[in-house]
Amino acid sequence: MKSRVKMLSFAQNGDNRGHLVVVEGKKDVPFDIKRTFYIYGSDASVVRGKHANRRTQFVLINVSGTSKVKIIDAYGRETVYELDRPHIGLYIPSMTWKEMYDFSEDSVLLCLASEHYDAKEYIRDFQEYVKEMGK
Ligand code: TYD
């Protein structure tokens, strides 16, 4: 069965010194991590993403601050996920249309990816996404 978008909760390993969250490929996220990048300096007026990836799976974690992720399926149905804790991640399978927005000033959005960067595997046009989904 195809994996679906889902929230992941990581162990916080907290003690009186603070917290330490571990995210290991194929253990805490369902893929080997080949790439990480992070997004900061966006604000509440910005919408990022607006694309689907033909191959890459992601896990998004707001290690600082908050943001929202809107998932839009090929029928136009929208689901919004809020990332507001550093031990919570959002798993996004390949061929999923995503938009990130409503960034807090202190937002640092860490993105873990299953593939190296390849601009050609991005679908940046929603109608093209619908077409490739066969809808
Ligand atoms: P972009 O895909 O527009 O960011 P977002 O998904 O947040 O809207 O990427 C911004 C720029 O960074 C664009 O020029 C492509 C480049 N980029 C890389 O070179 N490597 C990467 O791994 C990513 C994610 C982006």
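## A hairpin to start with

Strand 5 (residues 67–72) pairs with strand 6 (residues 78–83) in the antiparallel sense, over six bridges. Strands here are DSSP runs of E with at least two residues, helices are runs of H or I with at least four residues, and both are numbered from the N terminus. Two strands count as paired if DSSP finds at least two bridges between them. S67 faces L83 of strand 6 across this pairing. Five residues lie between the two strands of the hairpin, and G76 has a positive phi near 85 degrees.

A word on the model: it is predicted, so to speak of local features requires pLDDT of at least 70 and side-chain atom pairs count only at pLDDT 80 or more, while totals for chains, interfaces and linings use all residues. Residues are numbered from 1 along each chain as its sequence is written, and side-chain values use heavy atoms, with hydrogens and water left out.

## The enclosed strand

Strand 5 also pairs with strand 8, again in the antiparallel sense, over five bridges. In this pairing I71 stands opposite K98. Strand 8 has another antiparallel partner in strand 3 (residues 47–53), with four bridges, and there V47 sits opposite Y101.

How much of strand 8 is buried? Five of the five residues of strand 8 (residues 97–101) are buried, so the strand is largely enclosed by the rest of the structure. Buried means under 20% relative accessible area, exposed means over 50%, and partly exposed lies in between (1.4 Å probe, protein chains only). W97, E99 and Y101 cover one side of this strand and K98 and M100 the other, and all are buried.

## The whole chain

Stepping back, the protein chain holds one helix and ten strands. From the N terminus on, the order is β-β-β-β-β-β-β-β-β-β-α. The radius of gyration is 15 Å, close to the 14 Å that the globule rule gives for 135 residues, so the chain is as compact as a globular protein of that length. That radius is taken over C-alpha atoms, and the rule is 2.2 Å times the number of residues to the power 0.38. The C-alpha trace spans about 50 × 35 × 25 Å along its principal axes.

Buried residues make up 42% of the 135 residues. Of the contacts (heavy atoms within 4.5 Å) with a separation of 6 or more, 78% join residues 24 or more positions apart.
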